[in-house]
Structure formats: C-alpha cells, structure tokens
Amino acid sequence: MSGETHYDAIIVGGGHNGLVCAAYLGTAGLKVLVLEAAAQLGGAAVTREFHPGYRASAVAHLLHLLHPRVIADLKLTQHGLAFAATDLPTTALLPDGDRLTLAADPAASRTALARFSPHDAEALPAFTERFNRLAAALGRFLLKTPPQISAAQWQDRRTLLEFALSLRRLGRRDMRELTRIIGMNAADLLDDNFESDALKGVFALDSVLGGFLGPKSPNSVFNLLYRAAGNVAGRQNGLIQPKGGMGAVTAALASAASAAGVELRTGAPVEWIRIADGRAVGVVLESGREISARHILSSADPRRTFLTLVGPEHLDTGFVRHVRGIHMNGCAAKIHLALDGLPEAWQADPEMTAGRLVVAPSIDFMERAFDDAKYGRVSEAPALEVTVPSLHDSALAPAGGHVLSIVAQFAPYQLRETVAEAARDQIAARVLAALGTVAPDLPDRVRAQEVLTPQDLERQFRLTGGHWHHGEMSLDQVFLLRPVGGFQQYRTPIDGLYLCGAGAHPGGGVSGAPGANAAREVLKDHKLPRAA
Amino acid sequence: MSEQYLRETPFHDRIAAVASAQSWERWQGHITAVTLGGMDREYFAIRNSASVYDVSPLIKYRITGADAARFVDRLITRDVARCAIGQAYYTPWCDDDGKVIEDGTLFRLGKADFLLNAALHNLHWLRDTAYGFDVTIEDVSAEIAGLSVQGPLAQTVLIAMGIGGLERLAHMRLAETRLDDRPMRVSRTGFTGDLGYELWIRPGDASWLWDRLMAAGALYNVLPIGSAALNHARIEAGFILVNVDFISATYALRPSQKRSPYELGLGWAVNLKKDGYFIGKRALLAERKAATPRRALVGLEIDGRKPAVDAFIYAGKREVGRTTSAIWSPTLKKNIAIASIAGDQALPGTELGIEIWHPKELKIERSMVGCRVVHRPFYDPPRKKA
C-alpha cells in the first residue's frame with residue numbers, strides 16, 4: 001500500500017464514547033482515526049431533523065451522567081458544550097388532570113407533594129439525601145477500571161480495596177442499607193418509604209428507563225442508583241437539557257477530538273476487523289478499503305463487535321456463549337412529534353413544560369406496562385418521559401412550533417405474534433392516546449411524527465436489539481461482569497482489540513466514562529514494548 | 001418383557017448367549033460385558049490370537065455441511081487440512097482455557113463429512129462451537145453398530161471372512177466395503193495397541209456380522225471379550241481414558257484438576273501453527289511460553305508385582321503425584337502404571353518412590369518401592385502399523 005497512513009488507534013464508531021476515547025488518546029499524542037458509519041458523527045447521540053424545520057435528539061434527550069471529569073479533561077465548555085437548562089423539574093401528569101411537580105428546590109417539592117401525602121412530603125428529603133449518598137459511593141467507580149477478581153496486579157488489588165473502603169466509609173448503617181437495597185426491586189423500596197402513587201410512579205419509571213424490567217423486577221433499585229450516581233453541573237441526579245440537543249454534546253466532543261489531532265471520518269462503515277495471528281491489526285470498510293492500526297477500539301456493542309465485526313471463528317466457544325447470552329432486549333421507543341403549538345394547559349405553566357413530564361401514575365401502571373413487554377407485546381398503556389426541547393432552544397422548531405421528544409416504555413425488540421411494522425403503529429397510537437389523557441388538545445396539534453422502535457434503532461444506529469445501553473444494566477451485567485466476566489478491563493480475548501462503548505463498564509447513558517476508561521487502558525498497553 | 005433400565009446393544013443377544021460369567025456393567029446407558037467367560041483367556045486372545053469387542057455404545061457425531069472442515073478444525077487441536085479423506089485422526093479437543101474436554105477419534109468420510117467418535121456426550125459443546133458456521137451436527141450413535149476385532153490374527157480372520165482389500169489398509173485408515181451385499185465401514189483403529197480393526201455396520205446387520213465372524217474365526221481362537229481384558233490391553237498400549245486418567249474439563253469441579261493436552265502427553269496432537277483459530281489456542285500458546293507443564297501424565301515401571309492402584313508417588317519426601325491406571329502386565333512381565341505427576345518429575349528415567357497399599361488375607365499392607373518414569377506406550381508391536 002503506497003502512502004497509506006498507519007494509525008496508532010482506530011476507533012470504530014463515532015458516538016459519544018468513541019469520541020471521548022479518541023479525544024483522550026489524541027491528547028496523549030496518539031495518531032487516532034475515528035470511523036463513523038453514518039453521515040453525521042454522534043452515533044445515537046445526535047440531533048436530527050425529522051420533519052422540515054423540526055429537530056430532535058434522536059435517542060437520549062436528557063443529560064444526567066456526563067462525567068464532570070470528562071467535561072474538564074476535554075475542556076468541553078471551550079468546545080461549545082452549553083446547557084440550555086439545568087436542574088429540570090420533573091412533573092407527573094396524572095390521568096385526572098392533576099400534576100405533581102418535583103423541583104430541584106426541596107421546599108417547592110415538599111409543598112407540591114404535601115397535597116398528595118404529608119407523610120411523603122416529610123419523608124422525601126431524607127430519603128433523597130441518603131439515596132444520593134449511597135449512589136455517590138458507587139459513583140466513585142464510574143471512572144475506574146473494574147478489578148480482576150484473581151487480583152494478581154497491585155492495581156486490581158487497590159481498586160478492590162478502594163471499593164471495599166468506599167462502602168465502609170459510608171458507615172455501618174449506610175453500608176448495610178446499600179447492600180440491602182442494591183439487589184431489591186424498586187416497588188418494594190418505594191412502598192417501604194412512600195404512600196403516594198404519583199410519587200412512586202415517577203421513581204418507578206426511572207427504575208426501568210431503557211431496560212427490559214418492571215419496577216417489581218429484581219435489582220430495579222440498581223437502575224435508580226446508577227442514575228443517581230451521576231453528577232453533572234455540580235448536581236447529583238440532576239437533569240440537563242443540553243443546548244442544541246444531544247447532537248451539540250457530541251459536536252463539542254468531536255471538536256475536542258479534532259483539536260487533539262484526531263482524524264474523524266463519517267460515512268465510513270466498518271464491515272469487519274482484521275485479525276492476523278490472533279491480533280487485531282486493522283479494519284476493513286464496507287467500501288473494501290483497509291486501514292491498519294496498532295490498537296483497534298470498538299464502541300459498537302459487544303454482540304456486534306464480537307459476533308459480526310470479529311466473527312466467532314476467532315473466539316472461544318465459552319466466550320461466544322457468554323456474548324450471545326448478553327441480555328439486550330431493547331424496550332424503549334423514541335417518538336418525536338412536530339406540534340404547531342403546545343397544549344393550552346402546558347402553555348399556562350411554562351416552568352413545568354420546560355421540565356421533564358412523566359406519564360407513569362403508579363407502580364402498578366408501570367408494572368402492567370412491563371407485563372405486556374414480558375410476553376412480547378407493546379404496552380397497552382405505555383409509560384412516557386416527555387420533554388419539549390424547543391422551549392429551551394428555538395432553533396429546534398419553526399416559530400410557533402414545538403418539538404415533543406418522548407421516550408415510551410415498553411415496545412420490546414423481541415416481539416411475539418406481533419410483526420415489527422404493527423408494533424410501530426401500536427406504540428405510536430398508544431403514545432398519542434396516553435398523551436390525550438393528560439392533555440386532551442394535544443393530539444390535534446400534531447403535524448408530523450417520527451416513531452423509532454427498537455428495531456428502527458437497531459437498523460439506524462447499529463444497536464443490537466435496539467438496546468440503548470448496549471446491554472441491560474442489571475447486576476449480572478455490570479462492573480466485574482460487563483460485558484462478560486473476565487473481560488471487564490476493556491481488553492478482549494483478541495490482542496490489540498478493545499471495547500470503548502456502553503457495553504463496557506460503567507455502561508449506558510451519555511457519560512463518556514467507558515470511552516475515558518478504555519483510553520486509559522489502551523495508553524497503558526501503548527507504553528509496553530510492541531509484540532514482535 | 002420386564003421394564004428395562006439399560007438398553008441392549010445390537011450384539012446383546014449373541015453376547016448374552018455366550019456370557020457364562022454373567023458379569024455386566026453399564027456403558028453409556030447400555031448393558032455391556034465386563035467379562036464373558038474369564039478375563040485371562042480374553043486378555044491372551046487380544047495378544048495371541050484375535051478378540052472381538054462390542055463398541056456399539058460409543059457416541060458418534062456426524063458432521064456435515066459447507067463449513068464442516070472449518071468447523072472441525074476450530075474444534076480439535078490437530079490440523080484437519082492434513083487429514084485425508086478415508087483417514088482416522090486421534091485428537092483431543094479443548095475448552096476456552098485449553099483444558100481437554102475429551103479425546104476421541106475423528107473419521108474423515110469426505111471433504112465436508114466427518115464422524116467424531118467420543119466416550120462422553122458433547123452435542124451441546126459441538127453445537128455452541130458451531131455458532132456462525134454452516135454445519136449440521138447429528139448424534140448418529142444409534143444408527144451405527146460397531147465391533148472391534150483386535151489381535152495378531154485379526155487381519156487373517158477378517159480376510160478369511162471375505163473382507164477384501166485389508167492388506168492395503170494402513171494404520172488409522174478407513175475403507176468402505178460390502179459383504180454379502182451389506183454395507184460395512186472398516187477402520188484400522190482400536191484401543192489395544194495391537195493389530196486390529198473396527199467394523200461399523202447398520203444395527204440390523206449385527207447378528208449377521210457376529211455369526212459370520214464367529215464362523216470364520218473358529219479355526220483361529222477368535223474370542224469375544226469384555227471390558228476388563230480390554231482395559232489391561234489399553235494400559236499396556238498407553239492409551240488414556242477420560243474420567244479415569246484425566247477428568248474432562250466439562251466435569252472437573254476444581255480448575256486445578258483440568259488438564260491441557262501438554263499435561264496429558266498429547267502435545268504432539270496440538271498444532272499451534274495451523275491456519276485459523278481453534279478453541280483454547282490462546283491459552284495453549286500462553287502455556288507453551290511457560291517453561292515446563294505444571295503436570296504430566298507419564299508411564300511408570302514399578303518394582304515388585306503388586307499393581308499400584310491409586311498409589312501415591314514420591315520424590316524423596318515430597319508427594320509428587322498419583323497413579324491413575326495400574327496393572328501387572330502379563331505380556332511384558334512388568335508392573336506398570338499411568339500416573340499424573342508434577343511437571344518437573346516427568347523426564348523419562350526419573351527415579352521415584354511409590355507407596356502401594358494392597359490387601360493380603362483381610363489385612364491391608366503397605367509397601368514402599370521404587371519406580372521410574374518411562375515412555376508410553378509400554379507395549380507397541382510392529383504389527384500394529386505393519
């Protein structure tokens with residue numbers, strides 16, 4: 001090959017984790033190439049036009065996990081990262097037209113909640129404080145490489161020790177509480193602490209967002225802890241509307257990567273990873289072009305990485321068995337509505353409308369919605385997380401118009417008896433019906449809609465199973481067990497091949513943590529003498 | 001008929017008719033003979049005339065499909081590219097960690113057509129290993145009956161019976177033939193380390209084959225045998241037995257009890273240079289980089305006459321291993337054993353001590369004697385391959 005550039009590292013996939021990883025490696029002086037299949041960088045974290053003049057964050061629409069150290073290390077603020085709104089309130093829209101708003105201001109939440117339950121109004125602040133404290137103990141490990149259990153390396157021993165210490169530092173009572181609740185189901189925990197259905201419904205939704213589980217499923221509390229482990233803009237468990245949508249976050253990451261000397265190429269889908277003598281040596285694009293590098297990092301999900309890009313013929317039977325066994329039945333549909341105006345009741349309360357709106361009136365409502373998914377059906381009555389990003393960013397919709405960005409649960413990837421096309425129609429119709437119950441004049445204002453089922457997400461964003469998190473965030477698939485036991489340190493059975501996406505620790509969400517952690521491990525190996 | 005707990009092999013009626021010892025055991029769900037009329041006679045038939053042993057309970061997997069050769073190459077440690085059509089390959093296969101799941105014999109029937117003979121069930125492992133490969137794997141155990149004819153007169157008897165072309169059939173080769181217009185596959189394979197063949201037929205032809213063989217063999221002292229005599233012969237031949245001389249990686253409860261091919265003396269059957277990846281290759285490469293294997297499976301010649309069954313082995317005061325199979329060899333007139341010992345004691349010629357406990361008139365006596373590491377096989381007559 002004449003004049004072909006050789007790279008230190010090639011990153012497959014230009015999503016947020018791929019870009020974070022690239023920026024770290026570029027900053028460390030490596031020659032890095034990012035290959036993104038789509039015409040636009042950002043992977044699933046992009047802002048796209050879905051109707052002339054109307055744009056929305058294609059998948060995730062709220063920021064709550066982006067790690068402050070990633071923001072600082074990569075100087076993302078200088079690269080254009082800005083928040084349209086922080087500390088968004090959450091409002092539960094109830095079927096009878098009533099509402100419960102939980103705001104960042106504890107006093108306001110307390111007053112609002114007292115109408116539903118004086119008991120809960122009193123209990124919530126203490127519960128939140130303690131829950132956040134427990135979550136923060138886990139949050140310290142978001143940017144650490146999970147240790148190996150047979151810890152021969154002093155680094156592994158140190159992480160294990162830190163993990164134990166971090167739990168111990170909580171004090172005996174909190175440590176006991178954390179170990180008690182981490183595997184629990186959210187419904188039990190909520191019933192133990194609260195009596196108001198409206199409040200419990202909000203938590204119940206958060207305990208299952210993006211996953212294939214109900215609030216009564218084991219370890220749904222862990223999802224709540226994981227959400228609360230994040231800390232953006234100085235606030236734990238806070239919700240942020242990024243300026244310009246999620247695409248602006250990845251634009252800032254791309255800018256940081258570029259500034260670090262990273263070469264970014266779009267419209268360059270990788271078809272497979274070349275393995276020679278048991279080592280990843282390069283990638284082959286769908287165009288047939290081949291590019292080589294010393295390190296290959298995949299931000300694609302583990303199933304796609306190992307079974308499609310690498311291929312089982314390079315892997316051991318037991319490992320392939322584990323990878324095939326990763327649970328990734330995506331359940332969240334994303335729906336974007338182009339409105340010619342907001343419902344009247346919402347216009348009257350702009351502060352509420354600018355926040356996060358939730359249709360999840362009770363634990364049982366959530367669990368029933370999951371029951372359908374459990375048996376391969378779209379929920380009869382789906383639960384919704386709704387935002388109106390155009391309120392924060394007028395560029396997202398034409399004047400007078402608005403965008404509704406909706407996460408709907410559950411529309412399972414694994415359907416029984418329903419074909420994918422029918423499932424798309426079902427979730428669209430049911431989401432509109434659900435919105436109609438809380439805002440009767442809303443359906444008439446819809447000018448256009450985009451419906452993305454997990455099947456669509458898989459097709460458009462190459463997410464296996466349409467799973468946002470590249471694999472369920474359950475206790476059997478996190479920390480030491482992500483993506484599979486024994487390979488939690490970003491390295492894979494193939495020398496020179498690494499995982500840097502959400503399928504690796506700590507997991508899903510726009511956190512940048514897997515990318516940052518993978519970069520650190522690659523840099524360690526980069527310093528080692530090259531294998532002959 | 002009373003309820004049956006064990007299945008009968010296709011040869012059962014014929015064997016039961018001559019099994020005066022009535023000494024039975026179970027083998028893969030079948031009732032099979034330990035001895036028919038006396039183990040000593042049966043053993044000497046293997047070494048001095050010809051023996052007949054029913055191997056029908058062996059598990060057989062038929063592997064076909066466009067990727068069959070690629071798949072088998074992925075499964076086993078040897079290089080399938082070097083296995084000709086009509087050749088039989090003895091080979092181990094390993095798990096992810098390069099630990100032996102089992103060893104068996106692979107028949108290459110065609111370019112993309114294989115038969116894998118195994119002692120244990122492997123279908124789950126085979127199917128999972130085939131993920132992403134265009135192959136069909138079927139358990140055809142019940143569709144094939146087998147009779148093993150072993151001993152110095154084996155070839156003579158089979159030729160007398162009318163099977164053609166045997167003179168040209170080399171060791172570890174197969175021939176497809178017909179006799180009395182019935183299809184038969186002949187492989188020059190066996191578990192005795194002697195001249196021998198295995199005849200593979202349709203189960204419905206079992207009685208016919210038995211009667212033909214016995215008629216042809218009457219002049220040559222052809223003797224049906226049971227597993228006890230065979231076990232003596234296979235130890236002399238140095239053949240190892242899964243879950244006797246080593247624990248299958250699938251069944252081992254403690255990781256320390258799993259063994260790599262190198263630790264079983266099967267390093268010769270591992271081709272680290274063959275094209276493509278095979279299961280366990282990464283682990284075996286890493287193991288190869290380390291100096292000596294952790295464990296070794298060796299042959300021992302032991303002083304005295306007491307068979308060293310389940311005996312501990314010492315290097316000075318240090319306990320270094322244990323015997324896994326042990327007999328007094330009537331042909332060699334030697335006390336021999338297969339033993340699992342520490343890797344650093346495995347060089348042939350190494351002198352060790354062995355502690356043998358043996359019963360003597362309702363007492364258990366202990367004798368501490370010398371032994372030395374020797375090459376396996378203990379017994380390897382030229383006629384096996386001639």
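**Ground rules.** I am working with a predicted model, in which local features need pLDDT of at least 70 and side-chain atom pairs count only at pLDDT 80 or more, while totals for chains, interfaces and linings use all residues. Residues are numbered from 1 along each chain as its sequence is written, chains are lettered from A and ligands numbered from 1 in the order in which they are written, and side-chain values use heavy atoms, with hydrogens and water left out.

**Aromatic pairs.** I counted 19 aromatic pairs over all chains, taking rings of Phe, Tyr and Trp (its six-membered ring) as paired if their centres lie within 6.5 Å, and calling planes under 30 degrees apart stacked, over 60 edge-to-face and the rest tilted. Phe212(A) and Phe370(A) make an edge-to-face pair, with 5.4 Å from centre to centre and 65 degrees between the planes. I noted that this pair links distant parts of the chain, 158 residues apart, since Phe212(A) sits in the loop between helix 8 (197–206) and helix 9 of chain A and Phe370(A) in helix 15 (residues 363–374) of chain A; helices (H or I, at least four residues) and strands (E, at least two) are DSSP runs, numbered from the N terminus. Phe212(A) is partly exposed, with a relative accessible area of 29%, whereas Phe370(A) counts as buried at 4% relative accessibility. Back at Phe44(B), I found its ring centre 5.0 Å from that of Tyr43(B) and the planes at 80 degrees, so this pair is edge-to-face too; Tyr43(B) counts as buried, at 1% relative accessibility. I also recorded one aromatic cluster formed by Phe127(A), Phe131(A), Phe194(A) and Phe203(A).

**Nonpolar cores.** I then turned to the nonpolar cores, each a set of buried Ala, Val, Leu, Ile, Met, Phe, Trp, Tyr and Cys residues joined through side-chain atoms within 4.5 Å. The largest has 141 residues, of which Leu25(A) and Val283(A) touch the most other members, and helix 4 (residues 118–139) of chain A gives the most to this core, with eight residues. Leaving out residues up to four places away in sequence, I listed the contacts (heavy atoms within 4.5 Å) of Leu25(A), among them Ala9(A), Leu297(A) and Leu523(A). A second, separate core of 31 residues includes Ala19(B), Val157(B), Met184(B) and Leu209(B).

Which residues of helix 9 of chain A are buried? I found that ten of the ten residues of this helix (residues 220–229) are buried, so it is largely enclosed by the rest of the structure; among them are Phe222(A), Tyr226(A) and Arg227(A).

**Asp211(B).** I placed Asp211(B) in helix 6 (residues 206–217) of chain B, where it counts as partly exposed at 37% relative accessibility. Asp211(B) and Pro261(B) are 50 residues apart in sequence and 41 Å apart in space, C-alpha to C-alpha.

Note on methods: Buried means under 20% relative accessible area, exposed over 50%, partly exposed in between (1.4 Å probe, protein chains only).
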